[in-house]
Amino acid sequence: MYTLGCKVNQYETDAMIELFKDRGYEIGEFDEFSDVYVINTCTVTAMSDKKSRQMIRRAKKINPESVMAVVGCYSQKSPDEIISIDGVNLVMGTSDRNKIVSEVEKLTGIEKVVEVIDIMKQREFEDLSLSNLKGKTRAFLKIQEGCDRFCSYCIIPYTRGPVRSRKLEDIIKEVKELSEKGFSEIVLTGIHVASYGKDLNEKNSLLDVITEIGKIENVKRIRTSSVEPLIITKEFLEGIFKVEQFCPHFHLSLQSGCDETLKRMNRRYDTKMYKSAVDMIRNIYPDAAITTDVIVGFPSETEDEFNETLRFLKEINLYDAHIFKYSPREGTKAALMKDQVSPQEKNERSEALINLGKENKRAFEKRFLGEEVEVLFESHSKEGYEGHTKNYIKVWVKSEEDVQGKILKVKLTESTDEFVIGELSNINS
């Protein structure tokens, strides 16, 4: 199995792995000789498509006689393109992945089968649940599918379909199972998590999900994946503040700090609304880590417009930012816009924002040096262990004892480009 793209894709890959295991298959490393290869694709950028094709060809070189199944967003968008690639036997999109084992078992390695339905007609949440996750620290939990925002640059609403929310009782059931297996942290994920519940008759919301999970024994931390600033209201913040396990890390999508660019992107907020959301968060959570995504080089983005974004990011001073160079996606409105920005300008603008992000990140982390914080340790690394604070600062400590999966108090001592170095306060606590 090979996964490209977002945390939702990784969750779905893990669910498909479980389906194969339940049927008696052994799961090997992707570069090993295997009978079946499954590639879960992404199509956010043209580079994502390219990487997907590269992985298909790499697998076929390892075992030319293998069965090759390709699923995911790129498959949903361009099934005919993928099935035409030499060696691909099965193409499935972003639905019916719970049938992948039976679909693979129908194949002999010769046929070419496309099982991609019209995702825009889907109205039910596909329940791909997990019960045998690796590790005992953080579990990603998919609670929502689809998006109805239709930003002018984004292909995802066309590959994931309309908003479909998982029933609250099903979410709670899976969280209880995960907590009983020892998972301390639950990360709520989806294509547009902030839209959770808008399609449900019960009118549950993301706040309801967080509140109910907070009542479950042994859940120590709750996070959400990316949300948009429109969900940040006084009611929402006061509601999650009551949930002690909620982690004050907010990934608020921005995309541009220029109002004119935001309009062309078809975003549903402006910089004033975004700053208001940031201020509200910091008023309730003074130590919150706020991160974001920014696209540079959007069609018609002038130097002045880019400088507005740069000034705005300096003003709001976020913890970190993921910077993306605009990539035209066929089928979106932005791909047809005039005045496409040159690659050189995109590179220069991207570098400027990346450098600002590094400065902001280091400054934010230095605020906590000398303080004692709680860290959930997730992995072994360089004769020590890595983990995260509640506000998502990455921490490394040297330890001869195995602390993986534990939440321990750590005194932060030094900020580096890779992580913050800390010292365990009391390993037996």
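Which residues of helix 13 are buried? I looked this up before anything else, in a predicted model where local features need pLDDT of at least 70, side-chain atom pairs count only at pLDDT 80 or more, and totals for chains, interfaces and linings use all residues. Residues are numbered from 1 along each chain as its sequence is written, and side-chain values use heavy atoms, with hydrogens and water left out.

**Helix 13**

I find Lys346, Arg349, Ser350, Leu353, Leu356, Gly357, Asn360, Lys361, Phe364 and Glu365 buried in helix 13, where buried means under 20% relative accessible area with a 1.4 Å probe and protein chains only. An α-helix has 3.6 residues a turn, so residues three or four places apart point the same way. Their cover includes strand 11, helix 12, strand 12, strand 16 (407–415) and strand 17 (420–424); helices (H or I, at least four residues) and strands (E, at least two) are DSSP runs, numbered from the N terminus. I also checked the length: the 24 residues of helix 13 should span 34 Å, and the end C-alpha atoms are 35 Å apart, which agrees; the expected span is 1.5 Å times one less than the number of residues.

**Helix 12 against helix 13**

The axes of helix 12 (residues 303–316) and helix 13 (residues 343–366) come within 11 Å and cross at roughly 5 degrees, the axes being lines fitted to C-alpha atoms over the stretch in contact, with angles from 0 to 180 degrees between N-to-C directions. The two helices are therefore roughly parallel to each other, a term for angles under 35 degrees. On the helix 12 side I noted Glu303, Phe306, Thr309, Leu310, Leu313 and Lys314, and on the helix 13 side Arg349, Ala352, Leu353, Leu356 and Asn360, contact meaning heavy atoms within 4.5 Å.

I then turned to an open sheet of three strands in the order 10-11-12, with parallel pairing; two strands pair if DSSP finds at least two bridges between them. Strand 10 (249–251) and strand 12 (320–325) are the edge strands, each pairing on one side only, and neighbouring strands are turned by 15 degrees against each other on average, direction ignored. Three bridges join strand 10 to strand 11 (residues 289–296), and I see His251 opposite Thr291 in strand 11. Helix 11 (residues 271–284) lies across strand 10 and strand 11, running at about 165 degrees to strand 11.

**Helix 8 against helix 9**

Lastly, I looked up helix 8 (residues 206–213) and helix 9 (residues 234–241), which pack at an angle of about 10 degrees with their axes 9 Å apart.

Note on methods. Parallel < 35°, antiparallel > 145°, perpendicular 65-115°, else oblique. Buried < 20%, exposed > 50% of the residue type's maximum accessible area, 1.4 Å probe, protein only.
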